[in-house]
Amino acid sequence: MSERSDFADIEYPVIDVWAVLADPDIPCDVGQRLLSRQRARAMGLPPDVVPEADKPFLARHIVNLPEETP
């Protein structure tokens, strides 16, 4: 999996939540905020905005999805 430095080129990146939670270099509060946003989406609510300080940590675990074919 290639590492990305920011979210600039992806409107809604897919994040590997378990990888974020298991990464010992990512602060616990970053993982908790990610889980909170996931919970809001699951409940059909708008998730909180991702804090700028969280983005470098989350960018480590962006999932590269295959390109859609027409």
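A search of the whole structure finds four salt bridges, a salt bridge being a side-chain nitrogen of Lys or Arg within 4 Å of a carboxyl oxygen of Asp or Glu. The model is predicted, so local features need pLDDT of at least 70 and side-chain atom pairs count only at pLDDT 80 or more, while totals for chains, interfaces and linings use all residues. Residues are numbered from 1 along each chain as its sequence is written, and side-chain values use heavy atoms, with hydrogens and water left out.

**The whole chain**

Helices (H or I, at least four residues) and strands (E, at least two) are DSSP runs, numbered from the N terminus.

Next, colour the chain by pLDDT, the predictor's confidence in each residue, from 0 to 100. The average is 84, and 81% of the residues score at least 70. Over residues 1-5, however, the pLDDT is below 50, and this stretch has 12 contacts in the model beyond near neighbours in sequence. Contact means heavy atoms within 4.5 Å. Of the contacts in the chain with a separation of 6 or more, 64% are between residues 24 or more positions apart.

The accessible surface comes to about 5,300 Å², of which 56% belongs to carbon and sulfur atoms; accessible areas come from the Shrake-Rupley method with a 1.4 Å probe, and for residues only the protein chains shown count as cover. Buried residues make up 24% of the 70 residues in the chain. Buried means under 20% relative accessible area, exposed over 50%, and partly exposed in between (1.4 Å probe, protein chains only).

**The network around R33**

Select D29, R33 and D54, which are linked in a network of salt bridges. Side chains of opposite charge can pair when their charged atoms come close. D29 and R33 meet at 3.3 Å, N to O. Because these two residues are four apart in helix α2, about one helical turn separates them. D29 is partly exposed, with a relative accessible area of 41%, and R33 is partly exposed at 29%.

Now follow R33 to D54: the closest N and O atoms of this salt bridge are 2.6 Å apart. The pair links distant parts of the chain, with R33 in helix α2 and D54 in the loop between α2 and α3, 21 residues apart. Is D54 buried or exposed? D54 has a relative accessible area of 1% and therefore counts as buried. Display its surroundings as well: leaving aside neighbours within four places in sequence, D54 is in contact with V30, R33 and R37.

**From E52 to K55**

E52 is exposed, with a relative accessible area of 59%, whereas K55 is partly exposed at 22%.

**The nonpolar core**

Select I15, V17, V20, I26, V30, L34, L58, A59 and I62, the nine residues of the largest nonpolar core. The elements that give two or more residues to this core are α1, α2 and α3. A nonpolar core is a set of buried Ala, Val, Leu, Ile, Met, Phe, Trp, Tyr and Cys residues joined through side-chain atoms within 4.5 Å. In soluble globular proteins, nonpolar side chains tend to be buried together. Centre the view on L34 and show what surrounds it: apart from residues within four places in sequence, L34 is in contact with I15, V17, V20 and L58.

**Two further aspartates**

Select D16, in the segment before α1 (17-22). At 28% relative accessibility, D16 counts as partly exposed. Its side chain reaches the backbone nitrogen of A19 at 3.1 Å. Which residues does D16 touch, not counting those up to four places away in sequence? They are H61 and V63. The C-alpha atoms of D16 and V63 are separated by 6.3 Å, although the two residues are 47 apart along the chain.

Finish at D23, in the loop between α1 and α2. D23 counts as buried, at 14% relative accessibility. Beyond residues up to four places away in sequence, D23 touches R60 and H61.

Notes
Polar contact = N/O pair within 3.5 Å; in protein donor to acceptor, adjacent residues only side chain to side chain.
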